[in-house]
Amino acid sequence: MNNNDSNFNRQNRNTQNPSYQQQSSNRPQQSGNRPQQGGSRPQQGGSRPQQSGARPPQKGKPPKKKVRFHPNKDGIMAIIALLLGVILVITIIVCVVKAISDAVSSDKPTTESYITTSDTLDSSTTTESTTTAFVTTAPQAGAWNEGYVLQNYSNTKVGEGDLVLVNYEYEYSFPSSMEKKIISMYGQTGHGTSYVLGSNIKLNTTIVPSLVKMLDDMKEANADTLSNGDKLLISSGHRTLEYQQELYDKAVASGTEGYSAKAGYSEHHTGLALDLKIYTSKGATIDLRANEQDWLTSNCANYGFIIRYPSEKTDITQILEESWHFRYIGVPHAQYITENGLCLEEYIELLREEHTYGKAEPLKYTSGDNEYIIYFVPANEAESSTAVPVPASGKYTVSGNNADGFIVTVTK
Ligand SMILES: [Zn+2]
């Protein structure tokens, strides 16, 4: 009776309170229709038997609205579970796609960083990969480098040779091999007839024959100005570290340091560079005149020289225009540089970027009857020496670039 009373009271209350009616009458349905849920949810099943036992008459009722609500609730749970599952799957797919995308795109930064690091000269990463490339690239039959062999060069040789780059960035090392080649120009062939100089003017002996030939030809081509007693003057050649320091200090004091390099960073140290002036019949030292300057500008490359500091390259060389300063680098290099409007910095970089042995084709250049093959070999920084590929026979030269490797010039 107590149960019935309470049931009756509930029913009364149910009519008064629809929301309560839904709740209380829904639960028996749930426990009656879905016993399996009670098993999976002990806390629910444990509280419901009291309710269902207290309201047996309700079992027979067909409350359609009531029946409809519960499946919705369970459906919502199922839908939520389903949505969670879908979200989980989508998340996994997104993660997988992203991982694949990252893996693919990770190749691009590697390439980009390689290009970036190859711009800097002292990148050991670039050098190592490049070294591996050329060492493992065996010459193919019929290829331009067929019959080439590996010749070991000490890495200290990077600072030696006709093509050394000496500027604000690359200091000269004064190798002992260079010091042995420095000779006085006083008394050389042509001295006193084509040109004059003091006994203190010294140059690298390897450039003397080319220089004397150039000055003789210049005199012949400019007879109108150089046949009346005026002579060419080599006003400066090889400079010691101490002398360059003196010059630089003076330049700073007079505010003309734009024309002067710091001690150790002047290519006058190499003995491969010289300054040309005119020594007049009246004993005055003057700059090259227009006809003489024009002739040198047009012809010096044929003797292996370049005007090292042209006006249009001052942003690269960091030296103001010096039309009187000539630098020997060898005929094919000087001609290529002149024909293509480069400065030495740009040429060294061109060989490194586009003509590294084993990674790209060499620079092929023809001058007269001579055909040249020019390529760059990076120094092997993992070792104290570098295996440089050279022809097994024939004429070739190897020069350091004073930065990061060797430049091989093969004459065919
Ligand atoms: Zn100079």
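Pro-378 lies opposite Gly-405 in β14 (strands being DSSP runs of E with at least two residues and helices runs of H or I with at least four, both numbered from the N terminus). The structure is a predicted model, in which local features require pLDDT of at least 70, side-chain atom pairs count only at pLDDT 80 or more, and totals for chains, interfaces and linings use all residues. Residue numbers start from 1 along each chain as its sequence is written.

Strands β11 (residues 370-378) and β14 (residues 405-411) run antiparallel and are joined by seven bridges; two strands are taken as paired if DSSP finds at least two bridges between them. Within β14, Thr-411 faces Tyr-372 across the pairing. Six bridges also connect β14 with β13 in antiparallel fashion, and Gly-400 stands opposite Phe-406 of β14. Four residues separate the strands of the β13 and β14 hairpin, where Asn-402 adopts a positive phi near 65 degrees. Of the seven residues of β14, six are buried (20 or more other C-beta atoms, placed from the backbone, within 10 Å of the residue's own).

These pairings belong to an open, antiparallel sheet of four strands in the order β10-β11-β14-β13. Because β10 (363-367) and β13 (395-400) are edge strands with a single partner each, one side of each lacks a neighbour in the sheet. The twist from one strand to the next averages 20 degrees (axes are lines fitted to C-alpha atoms, for helices over the stretch in contact, with angles from 0 to 180 degrees between N-to-C directions). Helix α14 (residues 331-339) packs on the sheet, touching β10, β11 and β14, and its direction makes about 95 degrees with that of β10; contact requires C-beta atoms, placed from the backbone, to lie within 7 Å.

Key:
Two residues are in contact if their C-beta atoms, placed from the backbone, lie within 7 Å. A residue is buried if 20 or more other C-beta atoms lie within 10 Å of its own, exposed if 12 or fewer, and partly exposed in between; C-beta atoms are placed from the backbone.
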